[in-house]
Amino acid sequence: MIFIFGSNFTNYDFANRIMERSKHCGFKSQVALAACMVQSNGKDDEQGNLVESKRKAISNWEKGSAYPSLSDFVLLCKILDCD
């Protein structure tokens with residue numbers, strides 16, 4: 001079991017752990033991870049906008065300038081197979 005948070009947690013640690021787990025789970029880009037996080041609704045335009053919006057959020061998480069919402073965090077843990 002892998003933990004994203006630790007006892008001496010910093011923004012830098014969180015950002016690095018997201019990047020490490022993403023690579024470990026086979027995501028080659030932020031877009032691939034974002035696409036996995038966004039549920040398909042059948043409309044290509046809306047889907048593309050949602051994926052791009054999520055990609056920007058992931059970029060901010062990986063830079064350590066923002067944290068995911070609780071729902072995104074739970075989904076991220078499921079996708080990246082960690083707690």
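A residue counts as buried when its relative accessible area is under 20%. Keep that cut-off in mind as we walk through this predicted model.

**A buried aspartate**

Let's start with Asp 72, which sits in helix H4. Is Asp 72 buried or exposed? Its relative accessibility is 15%, so Asp 72 counts as buried. Leaving aside residues up to four places away in sequence, Asp 72 touches Met 37, Lys 54 and Trp 61.

Two packed helices are described by the angle between their axes and the distance between the axes. Here the axes of H2 (residues 30-37) and H3 (residues 44-63) come within 8 Å and cross at roughly 120 degrees. H2 and H3 are therefore oblique to each other, and their crossing is right-handed. The table shows who makes the contact.

| Helix | Residues in the contact |
|---|---|
| H2 | Gln 30, Val 31, Leu 33, Ala 34, Ala 35, Met 37 |
| H3 | Val 51, Lys 54, Arg 55, Ile 58, Ser 59, Trp 61, Glu 62 |

These contact residues divide into eight nonpolar, two polar and three charged.

In soluble globular proteins, nonpolar side chains tend to be buried together. The largest nonpolar core in this model has 16 residues, and the members that touch the most others are Leu 33, Met 37, Ile 58, Trp 61, Leu 76, Ile 79 and Leu 80. Which elements give two or more residues to this core? They are helix H1 (11-24), H2, H3 and helix H4 (70-79). H4 gives the most, with four residues.

Notes: Residues numbered from 1 in each chain as written. Predicted model: local features only at pLDDT ≥ 70, side-chain atom pairs only at ≥ 80, totals over all residues. Heavy atoms only, no water. Axes fitted to C-alpha atoms, helices over the stretch in contact; angles between N-to-C directions. Parallel < 35°, antiparallel > 145°, perpendicular 65-115°, else oblique. Left-handed = near helix turned anticlockwise from the far one by under 90°. Contact = heavy atoms within 4.5 Å. Nonpolar A, V, L, I, M, F, W, Y, C, P; charged D, E, K, R; others polar. Core = buried A, V, L, I, M, F, W, Y, C linked by side-chain atoms within 4.5 Å. Buried < 20%, exposed > 50% of the residue type's maximum accessible area, 1.4 Å probe, protein only.
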